[in-house]
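Reader: I am new to this structure. Please walk me through a few of its features.

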Amino acid sequence: MIAERAYVQVEAPEPTAAETQSIAPVQWGLIQRIAFRFVCCYFFLYIFPFPLEYIPFVDKLGGPYQNLLHALATWVGKHVFGVEITVFTNGSGDTTYDYVVAFCFAVLAAAAALVWTLLDRKRAHYTRLHEWLRIYVRFFLAVSMVSYGAFKVLPSQFPSPSLDRLLQPFGDASPMGLLWTFIGASRAYEFFSGAAEMLGGLLLLGRRTALLGALVCIGVVGNIVMLNFCYDVPVKLYSSHLLLMAVFLVLPDARRLANFFLFNRPAEPAAIRPLFRNVWLNRGALALRTFLLLGITGLALTQSYEGIQEYGDQAPKPPLYGIWNVDELTVDGQARPPLLTDDSRWRRVIFDYPQTVSVQLMSQRRVRYGLELDLQKQLLKLTKRDDPKWKAALTYKHAGPGLLTLAGTLDGKKVQARLRLDKKPDFLLVNRGFHWINEYPFNR
């Protein structure tokens with residue numbers, strides 16, 4: 001799709017006059033030029049407003065842009081696809097809104113490419129614009145990879161399995177929940193996967209190492225894309241776009257790579273010319289690149305560390321932390337004995353994170369609630385993620401050491417419960433550890 005580089009030069013901080021004179025690039029074919037125009041427009045629409053969100057004061061421009069996208073996607077969803085869009089990008093990046101936005105970007109890019117073609121029919125190539133587009137894509141991909149990697153190197157994206165997750169029946173976990181548990185259970189693997197992401201991103205920041213960085217990203221992001229698709233993680237659109245960007249960065253070197261890896265032929269050096277004719281501009285670009293490298297890495301690691309402190313493994317435990325067995329439960333004045341046949345009867349109440357509480361039923365099914373704990377009023381304010389209008393409140397009292405009583409209304413029914421703090425079980429998943437020698441497979 002993108003023309004091969006047609007001249008060979010060595011990047012130098014102070015280019016000579018001879019180095020700035022390039023051999024005329026080969027002419028691009030019509031399909032090649034049209035494809036480039038579409039890709040250029042689409043990537044710009046998808047990536048913008050990056051990097052404005054990292055610039056103080058200017059970052060506020062992202063708000064009006066997002067409002068414009070919301071209005072456009074809502075209109076297109078209603079008049080083109082016949083759907084009402086009420087949910088926008090949240091913890092899921094695969095909402096109806098996100099797919100409609102991607103469709104809008106594709107249509108707008110196609111229209112822009114058509115107008116561009118009509119107005120610029122005689123241009124033979126876009127060599128210089130291609131170089132600048134690569135820089136834009138490189139830095140966006142680099143920031144994404146470094147950010148995601150940092151949240152694994154300092155483990156805040158995949159925390160250790162929570163108490164209610166460890167108590168949940170294996171077969172009752174969602175594919176995404178299983179994946180989160182699988183990665184969070186191994187600090188070493190989480191660090192390894194994050195370090196690989198950061199490595200690919202950091203290599204992208206230098207033009208000499210950009211090809212290697214793009215190849216690393218293809219391997220790393222390709223695996224992420226497969227995990228997202230195979231385990232139903234709602235980041236399919238975003239990760240697929242990152243993979244396409246990495247492939248886009250590799251395409252100009254596809255022939256050289258094929259010669260080296262497949263056909264056992266010499267691979268000519270890549271053509272890397274200075275960005276600017278002015279020496280000081282090139283030095284300034286190098287200094288800016290170095291600043292961004294250090295700044296992006298530092299910012300990502302700082303945000304990840306703050307995440308660990310706020311909601312990760314190092315976050316303060318809630319006052320009622322622990323596994324509480326439900327010894328007695330009364331619903332609308334009727335006692336509910338702990339029968340296995342009563343699948344709606346509470347079996348355990350688990351307080352693990354400050355913002356959530358889980359109720360495990362006799363059937364082992366788990367019900368999770370959003371939690372706001374009022375210590376002064378001794379009140380549990382409950383909400384449901386999938387029903388923003390749903391609310392409930394339960395009062396609690398400490399009835400003695402390791403004893404707790406709950407009372408209130410839940411789903412229109414008066415509930416009273418007596419809870420007893422249980423000793424934390426010895427979970428094999430988190431306590432088995434690593435062994436160099438295994439005389440037999442320890443597969444449980």
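**A hairpin and what surrounds it**

Author: Start with S6 and S7, which form a hairpin with 2 residues between them. Strands are DSSP runs of E with at least two residues, helices runs of H or I with at least four, numbered from the N terminus. This is a predicted model: local features need pLDDT of at least 70, side-chain atom pairs count only at pLDDT 80 or more, and totals for chains, interfaces and linings use all residues. Residues are numbered from 1 along each chain as its sequence is written, and side-chain values use heavy atoms, without hydrogens and water.

Reader: How many bridges join S6 to S7?

Author: Two strands pair if DSSP finds at least two bridges between them. Here 6 bridges join S6 (residues 379-384) to S7 (residues 387-400), and the strands run antiparallel. Leu382 has Ala392 in S7 as its bridge partner.

Reader: Which residue in S8 stands opposite Leu394?

Author: Gly408 does. S7 is joined to S8 (residues 403-410) by 7 bridges, again antiparallel. S7 and S8 form a hairpin with 2 residues between them. In that turn, Gly402 has a positive phi of about 75 degrees.

Reader: Now a helix. What span is expected of H5, and what does H5 reach?

Author: The expected span is 1.5 Å times one less than the number of residues. H5 (residues 127-153) has 27 residues and reaches 38 Å from first C-alpha to last, close to the 39 Å expected.

Reader: How many residues of H5 are buried?

Author: Buried means under 20% relative accessible area, exposed over 50%, partly exposed in between, with a 1.4 Å probe and protein chains only. In H5, 22 of 27 residues are buried, so by that definition the helix is mostly covered.
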